[in-house]
Amino acid sequence: MWRQAWRLGSLATMMVASLLLLDACSRDSAPVQIRSAVSQLPQTLDPRYATDAASARVNRLLYRSLVDFDVHAHPTPSLASWRVLSPRLFRFTLGQHGRHFHDGRYLTAEDVAATYQSILELADSPHAAEFANISKIEVRDENTLDFFLKDADSNFPSRLILGILPAELIARQHDFSNEPVGSGPFKFVSWQRSLKLERRSDRKRFVFEEIRDPTVRVLKLVRGETDILQGDLPPELVSYLQKQPGLEVQESEGSNFAYIGLNLQDAILQNPLVRQALAHAIDRKAIIKHTLVGGSRLAESILPPEHWAGNGNLQPYEYDPALARELLQRAGVSLPLKLVYRTSTDAQRVRLATMMQAQMREAGIQLEIRSLDWGTFFDDIKRGNFQLYGLMWVGIKTPEIYHLAFHSSSIPPKGANRGHYADQKTDELITVSDWANVAARVHEQLPYIPLWYEGQFAATRNNITGYLLQPDGSWDGLVNVKRSKLKSVFPGKNPLEGF
């Protein structure tokens, strides 16, 4: 692709310049839209089922939740404030902001109760286990409701971060996945090949187009065919964008946790020595240095050490292929150990898998990579059809993630414990909210192989202003983004130069 772009020469310059001119002219007559090219579109727009990153990011725009988080990841009121009436009774009072659904209905305590009651009653909701401690929900008036718990839980408010749905539509079994109705800053317009939303404050349209090839996403931004790119690019493409006129690039340290998931029902992977060998077989520092964007850093647990519930005392699993071989031999494994690793077809994810494949070979591990389209890949992971897989937890603010991912009661569809990890000590530590020791226990047991917190970047056209990059990669910055007039149609440079 890059060599072909080089050969385009002056013809490419003329063609791209013509496209830019036509695009600039057409904007005067077309509705004002801000376009974003993304590596994948959401799997669902129903917050009761959303577990993938794209769904979580879009749902934050479409829905409001009772609780959100401050910059230090402490729970803070969003739709509602709360009082602790007893260790097992929490009273929530709705405020005035965000109380109108997109269809005009007024959001009341009945809607809140119906939303969480529906999650408890849905057998296939991956979030059901998070709310199993709720014994009942009582609505006192249109602004107030009480949550009664079976057991004391001081962290309960931080769980209530799912978008609120209209009770009447829940009762009708409305298809929120494809026709969402929330009360968030954006409302749903349509979803065919692209997803279209409308910002409620000014009725500006936003279009999300799925472009899986990272090079094509970059070219679309350079040509002016899209306005915003965020994440999912290799560092050389980010460096290329930084050198292009007419673009603005932001970078920051990230908090999204990349990991290798393991199927602990697999006879080989049940052995902790094998899991330790895998951890020592990956040169994470080299991958971060050569393959990831700026701001990426080593990770040892889902929550970063600066999080209030993080653990900064975990010792990293250093790259040591000789030790990895020794551990495999002690486990009685015949070398080479053959394992299958599943990932998506995203070019950057395949590249990371290929690097780990080469590194693991030195440790006596023969890794077979199977890259699948996102829908098939994620469906396989949810169904437990894997040996190893690579994924990332995004936007995690609460330590309740440990319950969702590692508690023995959170086996799908009741949670996201996809590797079927079951450890009584971990369950006990989660129950008493001893998060530092939960992190230490998981780090010792290795139901996941921790990799890194991936850095964040966003690239925008220079007529896009007000977009604030978030450390967790959310798209919340779209609430305030604006488009101004184009500063320059012809930047004076071949847009394909450097490819």
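User: What is the relative accessibility of Ser433, and what does Ser433 count as?

Analyst: Ser433 has 24% relative accessibility, so it counts as partly exposed. Buried means under 20% relative accessible area, exposed over 50%, and partly exposed in between, with a 1.4 Å probe and protein chains only. This is a predicted model, where local features need pLDDT of at least 70, side-chain atom pairs count only at pLDDT 80 or more, and totals for chains, interfaces and linings use all residues. Residues are numbered from 1 along each chain as its sequence is written, and side-chain values use heavy atoms, with hydrogens and water left out.

User: Where does Ser433 lie?

Analyst: Ser433 lies in the loop between helix H13 (424-431) and helix H14 (435-445). Helices (H or I, at least four residues) and strands (E, at least two) are DSSP runs, numbered from the N terminus. Ser433 is not a glycine, but its phi is positive, about 60 degrees. Most residues other than glycine have a negative phi.

User: And Leu446, which also has a positive phi: buried or exposed?

Analyst: Leu446 is buried, at a relative accessible area of 1%. Its phi is about 60 degrees, and it sits in the loop between H14 and strand E17 (448-461).

User: Which peptide bonds are cis?

Analyst: A cis bond joins Leu335 and Pro336, with omega about 0 degrees. The bond from Pro412 to Pro413 is cis too, with omega near 10 degrees. Pro336 is in the loop between helix H9 (321-330) and strand E14 (337-344), and Pro413 is in the loop between helix H12 (401-406) and H13. Most peptide bonds are trans.

User: New topic. How many residues has the largest nonpolar core?

Analyst: That core has 65 residues, and Ile260, Leu278, Leu388, Trp393, Tyr402 and Tyr448 have the most contacts inside it. A nonpolar core is a set of buried Ala, Val, Leu, Ile, Met, Phe, Trp, Tyr and Cys residues joined through side-chain atoms within 4.5 Å. Apart from it lies another core of 52 residues, including Leu61, Phe101, Val112 and Phe147.

User: What is Ile260 in contact with?

Analyst: Leaving aside neighbours within four places in sequence, the contacts of Ile260 include Ile282, Met356, Leu388 and Tyr448. Contact means heavy atoms within 4.5 Å.

User: Why is helix H7 largely enclosed?

Analyst: H7 (residues 272-280) is largely enclosed by the rest of the structure because seven of its nine residues are buried. Among them are Leu273, Arg275, Leu278 and His280.

User: Now the four-strand sheet. What is its strand order?

Analyst: The order is E4-E5-E7-E6, in an open sheet with antiparallel pairing. Strand E4 (80-86) and strand E6 (134-141) are at the edges with a single partner strand each, so one side of each has no neighbour in the sheet. Two strands pair if DSSP finds at least two bridges between them. E4 and strand E5 (residues 89-94) pair over six bridges, and Ser81 stands opposite Thr93 in E5.

User: Which parallel pair does E14 form, and over how many bridges?

Analyst: E14 pairs with strand E15 (residues 365-372) in the parallel sense over eight bridges. Ser344 stands opposite Leu372 in E15. E14, helix H10 (residues 347-361) and E15 make a right-handed β-α-β unit. A crossover is right-handed if, with the strands pointing away from the viewer, the path from the first strand over the helix to the second runs clockwise.
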